[in-house]
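Q: I would like to learn how to read the features of a structure such as this one, going from one contact to the overall picture. Could we take them in turn?

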Amino acid sequence: MPLNQVPLSWFLILSAALFAIGVAGFLFRRNIITVFMSIELMLNAVNLSFIAFSYQNKQVNGHLLAFFVMVVAAAEAAVGLAIILTVFKNRATLNIDEMDSMKD
Amino acid sequence: MQLWLIPILPLAGFAINGLFGRRFSKSLVNVFAIGSVLLSFAWVVKTLAGLGDISGTHLEHYFTWIQSGALNIGCDFAIDRLTAVMLLVVTGVGSLIHIYAIGYMAHEGGYYRFFAYLNLFMFFMLVLVLGASYLVLFVGWEGVGLCSYLLIGFYFDKQFATNAGNKAFIVNRIGDFGFSLAMFLIFVNFKSLDFATVFQAAPGMSEATLTTIGLLLLVGACGKSAQLPLYVWLPDAMAGPTPVSALIHAATMVTAGVYMTARSWVIYTHAPVAMNVIAIMGVVTAFFAATIGLAQNDIKKVFAYSTVSQLGYMFIGVGSGAFGAGIFHVVTHAFFKALLFLGAGSVIHALAGEQDMRNMGGLRSKIPITFWTMMCAAVAISGVPPFSGFFSKDAILAAAYEKTPWIYWLGVFTAGLTAFYIFRAMFLTFFGNYRGKAHPHESPPVMWIPLAILALLSLGGGFIPVPEFLREVFHAPPEGPANYTLMGISVAAGLVGIFLAWLMYWFKPSMAESFAERVGIFYKLVYNKYFVDEIYGVAIVRPIVEGSRVLLWKVVDVSGIDGLANGIATWCRGVGGVLRRIQSGNIRSYATWVLFGSVMLIVAMGLAEGLAR
C-alpha cells in the first residue's frame, strides 16, 4: 500500500500509543536514563503527529515545528546527559526517587 | 528686593546649628544663631529703606508651588506697610531676645538645640508675615505652631513640659481646623487664595459667605492667639524656657491671629456680625483672663494670663474696626510684654529657678537693673501716660466706645485689673522683705542690655505713629479729635489699680488676705482659674479618651479591624498547610499531577464541545 493511501488516523493512533508509552515510562520507571528516554519518546510521538498533519494538509508548518522540536531535543539531550553524569558522580545512584534535595 | 533673604537667613542658622551644633562650642553656636537673626533684621531695615514710604504692595513671585486644575498657588512674598511693621517687630524684638538667651541659657543643656529651634521659629514667623496668600501664611502658621510645641517641650525629660507641649499642639489643631475650612471656603468662592485677588473680589460677595469665612478664620485666630474658649494652652506653655515665653508666647507668635484678622480686614468690614463677634470675644477674654491673673502666685503665670488679656484688647481693636490700633497694640505689647517676661526670666535666673512670688520680695536693691527695666514695662502696660501702652490701649478703647459703649466700660475696668495684677506682681517680687533662700545676683550685661533697650522702647514706643502709618493699608478715615474724657477715665482706672495694689501688697499686706477671705468663693474660683481645665477635662477630654479606649480600641480596632486582618491571615495559613503537601519534591508525583491536569482539560474541552453542539 503506497504511503499516500495510509489514512491519517493510523498515524495518529501510532503517535498516541508512542506518547502513552512515553508517559508510562516517565511515571513508572526509576532509572533516570530510562525516564530521559521516555521524554524523547514523547517528543517524537508529537513530531509524528506534526508530520502527519503537515502531509495531510499540504502545509510546511508541521515540518518546521518538527525540526524545531528535534533541535530542542538535541540540546536537551546534551544538557540532560551532562546533568545525569554529574549526579551519578556525586551520588553514585541513578534512582530518581532519591533526587529530592530541593524539597526542603 | 530679595525678600526671600529675610526668612532664609534664620533657616540657614537653624540648618547649621541643627546639623552640626552638637560639635560646636557655645560661642560658635551664638555666631550662627544670633548672627543670622541680626542679619535678617539688617536686611529688613535695608529693604524698608529701599522702599521709601511703601505705598501699595510690593510683590515678589518666586515659583509656582501648586498647580492643579483651577488651583494655582505661587510661592509669593509681599511687603506692604502692615508687613513692614510686623517684620520690624519680629526681627527687632526677636534679635533682642536671642541675645538675652545667650545669658539665660548659658548653664542649660541642649544649648545648640534651643537656638536651632529658635531660629526655625524666626523662619516660619517671617514666612507667616511675608506670605502673599492664605496658604503661604498657613505654612508659617503651622510652622510656628510646631516650633512652639518643640520649645514648650524643650525640657523633654520633665513630664509637665511635654504635656504642656502636647496641649498647645492639640488645642491649636482645633483652631487650625477652622482656618482650613475658611481656606476651602475662600477657594470655592474666590477661585484663589492670593490676598490681592480675594480682597479685590470680597466686596462683591454675599454677606453670609463673608461672615462664614470671617468666623472660621476667627476660630483659627482664636486658637493661635489664645482667646476664649481656646486660651487654655497659653498658661501651660510657660513650661518652656523664659526667652521662649517672651518671644513666642508674648511678642510674636500669639499675635499672628491678630495679624491674620487685620490682614483680612476687607472680609471683616463686609461682615459686621463677624466683627462684633471678634470684639465681644476680645473683651470677654480680656476681662476673664485679667481676673485669673489677679490671684496667680507663679510670676510667669501672671504674665501669661496678662498676655491672654492683652491679646483680647487687640481683638477689641480689630473687632471695633480700628485695625491700626489693634496692630499698634501688637507692637507696644511686643515691647513691654517681652520686657516683662525677660525681666521675670532675669528674676528667675537670679533666684536659681524660683518662680513662686511668695518666695521673692525685696529684690529691688539686689537686682536693681532688672527692677527698673521691669518697672518701665509695668507703667507701660498699666496705661500710664505718656508711655507706650497708654497710646495703643487708648486708641483701642476710643474705637470701642464709638462702636459699642459697654465694651468700652468693660475694657476700662479690665485696664484697672491689669494695672492691679501687674503691680501686685511688682510689689510681691521687688518690695518688702526677701522671703526666699537663694542668693540673688544681678544678671550679666548680655541679659540686661536687651532689657534696657526694650525698656526704652516700652517707655517711648507710644510715639511711633503706627496707626497713622497703617491708615493707607486699612483705608481708615482720618482720626477725629481726641476725647480727653475717655482718656482721663482709662488713665484713672489704671492709676486706681496701681493704688490698690500698693495699698494691699505694700502699705498694708494683711489687707490682701482679709480681702481674699471676704470674697471667699470668688477668690477660690479665680485662684483655680475658674476650673476651666477641669471642666474641659470632664466635658471634652474624658469622653474622647474613654470613647477612644472603649469603643474605638476595644471594639472597632481589636474585634473589627484586627479581627479582619488576623482572620484573613489564619485562613491563608490553613489553606497553605493543605496545599504545601503537593510540593513533595518527587518529580514523578509532579508529572502525575501534570498528566491529571491535562486529562481533565481534554475531558473538559470535549464536554464543552459536546454541549455546544
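Q: Which residue meets the side chain of B:D176 in a salt bridge?

A: A salt bridge is counted where a side-chain nitrogen of Lys or Arg lies within 4 Å of a carboxyl oxygen of Asp or Glu. Here the partner of B:D176 is B:R173, with 2.5 Å from N to O. Both residues lie in helix α6 of chain B, three residues apart, which is about one turn of the helix. Salt bridges that share partners join B:E142, B:R173 and B:D176 into one network.

Q: Before going on, what should I keep in mind about the model and its numbering?

A: This is a predicted model, in which local features need pLDDT of at least 70 and side-chain atom pairs count only at pLDDT 80 or more, whereas totals for chains, interfaces and linings use all residues. Residues are numbered from 1 along each chain as its sequence is written, chains are lettered from A and ligands numbered from 1 in the order in which they are written, and side-chain values use heavy atoms, with hydrogens and water left out.

Q: Which parts of chain B does the pair of B:R173 and B:E142 tie together?

A: The side chains of B:R173 and B:E142 meet in a salt bridge of 2.6 Å, N to O. B:R173 lies in helix α6 (residues 159–190) and B:E142 in helix α5 (residues 134–152) of chain B, so the pair ties together parts that are 31 residues apart in sequence. Helices (H or I, at least four residues) and strands (E, at least two) are DSSP runs, numbered from the N terminus.

Q: Is B:D176 buried or exposed?

A: Buried means under 20% relative accessible area, exposed means over 50%, and partly exposed is in between, using a 1.4 Å probe and protein chains only. B:D176 is buried, at 4%, while B:R173 is partly exposed, at 30%, and B:E142 is partly exposed, at 24%.

Q: Where do the two partners B:R263 and B:D80 lie?

A: B:R263 and B:D80 form a salt bridge whose closest N and O atoms are 2.8 Å apart. The pair links distant parts of the chain, with B:R263 in helix α11 (residues 256–263) and B:D80 in the loop between β2 and α3 of chain B, 183 residues apart. Both residues are buried. Over all chains, the count comes to nine salt bridges.

Q: How is a pair of aromatic rings described?

A: Such a pair is described by the distance of the centres and the angle of the planes. Rings of Phe, Tyr and Trp (its six-membered ring) pair if their centres lie within 6.5 Å, and planes under 30 degrees apart count as stacked, over 60 as edge-to-face and the rest as tilted. The structure holds 33 aromatic pairs over all chains. One of them, between B:Y408 and B:W409, is edge-to-face, with 5.0 Å centre to centre and 75 degrees between the planes. B:Y408 is buried, at 1% relative accessible area, whereas B:W409 is partly exposed, at 44%. Elsewhere, ring pairs link B:Y134, B:F138, B:W141, B:F179, B:F195 and B:F199 into a cluster.

Q: Over which ring does the charged end of B:R173 sit?

A: A charge sits over a ring if NZ of Lys or CZ of Arg is within 6 Å of the ring centre and within 35 degrees of the ring normal. The charged end of B:R173 sits over the ring of B:F169, 4.3 Å from its centre, and that of B:K554 over the ring of B:W553, 4.7 Å from its centre.

Q: How many helices and strands does chain B have?

A: The secondary structure of chain B comes to 25 helices and two strands, and buried residues make up 53% of its 613 residues.
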